[in-house]
Amino acid sequence: MNKLKRWVVASIGAVAFFGAVITGVSANTNGIDVASYQGDTTQYFSSFKQAGDNFTMVKLGGRGGGEGAHYANPKAYNQINSAANAGMQTGGYFWGEFGDSVAEASYHAQLAVQDAQNAGLAKGSYIALDYEAGAGYNKANNTTAILTFMDAIYAAGYKPMFYSYTSYVESFVDLSRINARYPNALWLAWYLTTAHQATPPMQYFPNYSNVKIWQYADNHYGVDGNVMVVGSLDNNTPAENTAKPSNRPSDDQPSNKTHYATFSGVYVADYWTKWYGGYYGVNVDMGIPVIDYNNYMPISALTLTDKYGHKLSNQTIKGNNGAQEYFTLEGEYKVLSQTATSVQVEIAGEPVWMMKSFATIK
């Protein structure tokens with residue numbers, strides 16, 4: 001994790017982001033996070049257990065930036081098992097530098113699950129996305145990609161968590177969408193000082209909702225110090241208990257309540273197509289593979305924009321001539337059905353299947 005950048009940026013914005021005294025927390029659990037730079041023996045983790053740390057988040061791997069095409073932590077298996085042997089709960093995290101690419105986010109999640117399984121991380125454990133570099137220019141699109149990763153982790157039987165530092169999420173992420181989908185699944189970093197901290201200074205707890213873990217130090221006996229204020233890592237609890245019931249990405253279930261989906265991103269029109277006399281737009285990330293007419297979006301519902309989401313005065317499509325075109329989806333669309341990772345909505349009177357991570361469902 002990029003400690004230096006977090007310290008410099010966070011210290012500049014500390015007054016704006018922090019200073020609230022934590023309330024309503026009956027018990028806090030201290031813990032650490034480790035990567036290949038740290039030890040991997042039971043004795044190593046027992047020393048932290050004796051210092052009052054009761055959980056460990058282990059780096060599983062990463063992709064993008066300095067991680068390259070795919071990095072897998074060679075110590076992850078030993079670290080997870082040694083921490084467990086020392087009596088600590090365990091979870092994992094994966095560096096994801098995919099910006100706003102849904103396709104890359106999906107592939108990152110595939111690698112994260114692969115690394116978790118190779119490291120022996122039990123199903124039902126938390127896997128956190130470490131997202132702190134390479135974000136795109138649009139918050140909504142970044143958040144869609146993040147939720148694509150988290151939904152894939154969830155669908156694989158693990159619990160998703162989101163990690164970053166506070167000023168980064170303020171600039172690049174819509175936390176409200178993440179909180180709505182996965183309550184109490186935020187792991188946020190901010191350091192009061194880079195000097196050694198034996199215990200968390202709870203009077204400086206971040207003034208954000210849905211924080212599960214606060215990373216309060218990058219020097220807690222030589223490692224990152226964390227405090228968990230909601231629940232536990234509880235590796236034995238099924239993943240489905242972590243998603244909000246009304247928005248849970250579960251299998252189709254009858255419901256008397258009608259839900260509606262909204263879409264806040266700016267999307268690429270990969271191509272336009274004609275079907276039975278009507279014209280449709282297709283975004284290959286948004287549509288459920290294999291692309292067919294059930295993934296087409298009626299053109300009457302799309303608003304043509306520039307890449308920043310500004311509405312164009314000319315709403316006539318250019319027609320697959322090689323020029324990049326963008327659109328937004330405005331309004332609320334009735335949810336017809338949904339699965340773990342996809343949702344079927346009614347757009348201009350027609351059923352359309354798309355990736356669920358693009359939608360905010362209420």
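Okay, let me start with a question: is the crossing of H5 and H6 left-handed or right-handed? What we have on screen is a predicted model, so everything I say today is about that.

The overall picture, then. The protein has 362 residues, and 52% of them are buried. In terms of secondary structure, we get 8 helices and 20 strands. And if you take the contacts with a separation of 6 or more, 71% of them come from residues 24 or more positions apart.

H5 runs over residues 102-118 and H6 over residues 139-155, and they pack with their axes 8 Å apart, at an angle of about 30°. Anything under 35 degrees counts as roughly parallel, so that's what we call H5 and H6. And the answer to my opening question: their crossing is right-handed. As for what the contact is made of, we're looking at 9 nonpolar residues, 4 polar ones and no charged ones. On the H5 side you'll find, among them, Val 102, Ala 105, His 108 and Ala 112. H6 brings residues including Thr 144, Thr 148, Phe 149 and Ile 153.

Where is Ser 357? It's in the loop between strand E19, residues 350-355, and strand E20, residues 360-361. Who's around it? If you skip the neighbours within four places in sequence, Ser 357 touches Thr 144, Leu 147, Thr 148, Asp 151 and Arg 177.

Last stop, helix H3, residues 42-50. Which of its residues are buried? Those would be Phe 45, Ser 46 and Phe 48. Looking down the H3 axis, they sit within an arc of 160°, so they line one face of the helix. A quick reminder on helix geometry: with 3.6 residues a turn in an α-helix, residues three or four places apart point the same way.

So what does the buried part of H3 pack against? Strands E1 (29-34), E2 (53-63), E8 (211-220) and E9 (223-228), plus helix H4 (76-85). And for anyone who likes backbone torsions, have a look just after H3: Gly 52 has a positive phi there, about 105°.

Technical notes. Residues are numbered from 1 along each chain as its sequence is written. This is a predicted model: local features need pLDDT of at least 70, side-chain atom pairs count only at pLDDT 80 or more; totals for chains, interfaces and linings use all residues. Side-chain values use heavy atoms; hydrogens and water are left out. Buried means under 20% relative accessible area, exposed over 50%, partly exposed in between (1.4 Å probe, protein chains only). Helices (H or I, at least four residues) and strands (E, at least two) are DSSP runs, numbered from the N terminus. The arc is that of the directions from the helix axis to the C-beta atoms. Contact means heavy atoms within 4.5 Å. Axes are lines fitted to C-alpha atoms, for helices over the stretch in contact, and angles run from 0 to 180 degrees between N-to-C directions. Angles under 35 degrees count as roughly parallel, over 145 as roughly antiparallel, 65 to 115 as roughly perpendicular and the rest as oblique. A crossing is left-handed if the near helix is turned anticlockwise from the far one by less than a right angle, and right-handed if clockwise. Ala, Val, Leu, Ile, Met, Phe, Trp, Tyr, Cys and Pro count as nonpolar, Asp, Glu, Lys and Arg as charged, and the others, Gly among them, as polar.
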